[in-house]
Amino acid sequence: MSQQEYFRHPKVIAKVNGFALRALTVVASEMRSPVNDNVRPSGPSEEEVLEALLQAVCDPDRSRFDQAVAQFLGRGTTAEDIANHHVPTVARALGQAWLDDRLEFASVTIACARLQGYLRTKGLQWAEKASLGRLPTSNVLLVVPDFEQHTLGATLLAGQLRAQGVWVTLQLNVRTDEIERLVAQRKYDAVLISSSRNQTLELLEPFVSNTRNGASNAPIVIGGNVLEQTPDVLSETGADFTAGNWQSALEIFDPKPLQEEADFVGSRERFMSADALRLEPKP
């Protein structure tokens with residue numbers, strides 16, 4: 001039986017759901033950390049949305065998650081809030097439940113795959129609409145190396161940047177021996193590398209080195225959960241900057257649009273400072 005067939009097997013799904021329903025209420029009550037301080041979810045309470053989406057994404061009925069999303073959209077939660085805030089928080093809660101032995105690996109894998117599928121098919125339509133009619137301000141390459149397991153964050157980041165008028169080329173499962181050729185095919189304003197595990201730092205260093213060989217003077221930016229696990233990513237990998245969200249990434253390679261918007265609304269306060277954005281120039 002293939003891995004895909006295994007995760008679709010009714011007995012496996014039933015087992016996954018059993019573990020999930022017992023664990024998610026506990027996890028939902030503990031997850032309070034926002035993905036982005038600039039995101040202010042509207043409509044139903046954060047706790048209500050999180051608990052409902054956690055249970056729906058682990059339900060044997062795949063349609064339950066779309067139904068839950070539709071319900072909250074009808075009650076005032078925006079599509080941007082679902083994508084930018086709730087989906088990443090659900091993913092983080094699932095990962096924490098696995099680390100705490102509250103959920104099995106199979107349940108987390110299935111649920112995260114569904115979250116990924118939602119973003120790819122429906123969850124980023126708002127970003128596509130926002131990008132229509134806008135001239136691209138920058139051209140970036142966003143890659144997930146083949147030794148990384150998680151692509152949800154990179155998928156979301158691509159949509160967030162596109163909504164700001166950035167032309168994003170998203171490449172998943174990129175091998176170290178092909179990244180130099182890939183970045184040399186076009187002139188990019190930056191190369192963004194998504195990494196989720198500090199165990200991959202030794203693999204990231206040659207990946208960054210090959211990226212620099214092909215990227216000319218384009219800044220190389222590391223993002224992802226690895227920033228929360230390793231204090232000195234830049235010295236470990238040889239990258240130029242780290243970025244914890246789309247705002248900090250945009251400040252690195254295209255600061256003008258953010259400054260213009262801040263001037264337009266008459267306040268710079270809605271944008272975090274360079275320190276808060278975790279801009280870390282290479283020494």
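The crossing of helices α4 and α6 is right-handed. The contact between them is formed by Phe 65, Asp 66 and Val 69 of α4 together with Leu 115, Tyr 118 and Lys 122 of α6. This is a predicted model, with a mean pLDDT of 79 over the chain. Its secondary structure comes to 14 helices and 5 strands.

**Chain overview**
- The chain has 283 residues, of which 48% count as buried.
- Among contacts in the chain with a separation of 6 or more, 75% are accounted for by residues 24 or more positions apart.

**Packing of α4 and α6**
- Helix α4 spans residues 63-74 and helix α6 spans residues 105-123; they pack at an angle of about 60 degrees, and their axes are 11 Å apart.
- That angle makes α4 oblique to α6.

**Burial of α9**
- Helix α9 covers residues 176-184, and its buried residues are Glu 178, Ile 179, Leu 182 and Val 183.
- An α-helix has 3.6 residues a turn, so residues three or four places apart point the same way.
- Asp 177 and Ala 184 are exposed, on the other side of α9.
- The cover over the buried residues of α9 includes the strands β1 (138-145), β2 (166-174) and β3 (190-194), as well as the helix α10 (201-215).

**Packing of α9 and α10**
- The axes of α9 and α10 come within 7 Å and cross at roughly 25 degrees.
- Helix α9 is therefore roughly parallel to α10, and angles under 35 degrees count as such.
- The crossing of α9 and α10 is right-handed.
- On the α9 side, the residues that meet α10 are Thr 176, Asp 177, Ile 179, Glu 180, Val 183 and Ala 184.
- On the α10 side, the residues in contact with α9 are Pro 206, Phe 207, Asn 210, Thr 211, Asn 213, Gly 214 and Ala 215.
- Ile 179 and Val 183 are buried residues of α9, and both take part in the contact with α10.
- Asp 177 and Ala 184 are exposed, and they also meet α10.

**Confidence**
- In this chain, 74% of the residues reach a pLDDT of 70 or more.
- Over residues 31-38 pLDDT stays under 50, and the model has 23 contacts beyond four places in sequence for this stretch.
- Over residues 258-283 pLDDT also stays under 50, and the model has 45 contacts beyond four places in sequence there.
- Where pLDDT is low, the predicted coordinates should not be read in detail.

Technical notes: Residues are numbered from 1 along each chain as its sequence is written. This is a predicted model: local features need pLDDT of at least 70, side-chain atom pairs count only at pLDDT 80 or more; totals for chains, interfaces and linings use all residues. Side-chain values use heavy atoms; hydrogens and water are left out. Buried means under 20% relative accessible area, exposed over 50%, partly exposed in between (1.4 Å probe, protein chains only). Helices (H or I, at least four residues) and strands (E, at least two) are DSSP runs, numbered from the N terminus. Contact means heavy atoms within 4.5 Å. pLDDT is the predictor's confidence in each residue, from 0 to 100. Axes are lines fitted to C-alpha atoms, for helices over the stretch in contact, and angles run from 0 to 180 degrees between N-to-C directions. Angles under 35 degrees count as roughly parallel, over 145 as roughly antiparallel, 65 to 115 as roughly perpendicular and the rest as oblique. A crossing is left-handed if the near helix is turned anticlockwise from the far one by less than a right angle, and right-handed if clockwise.
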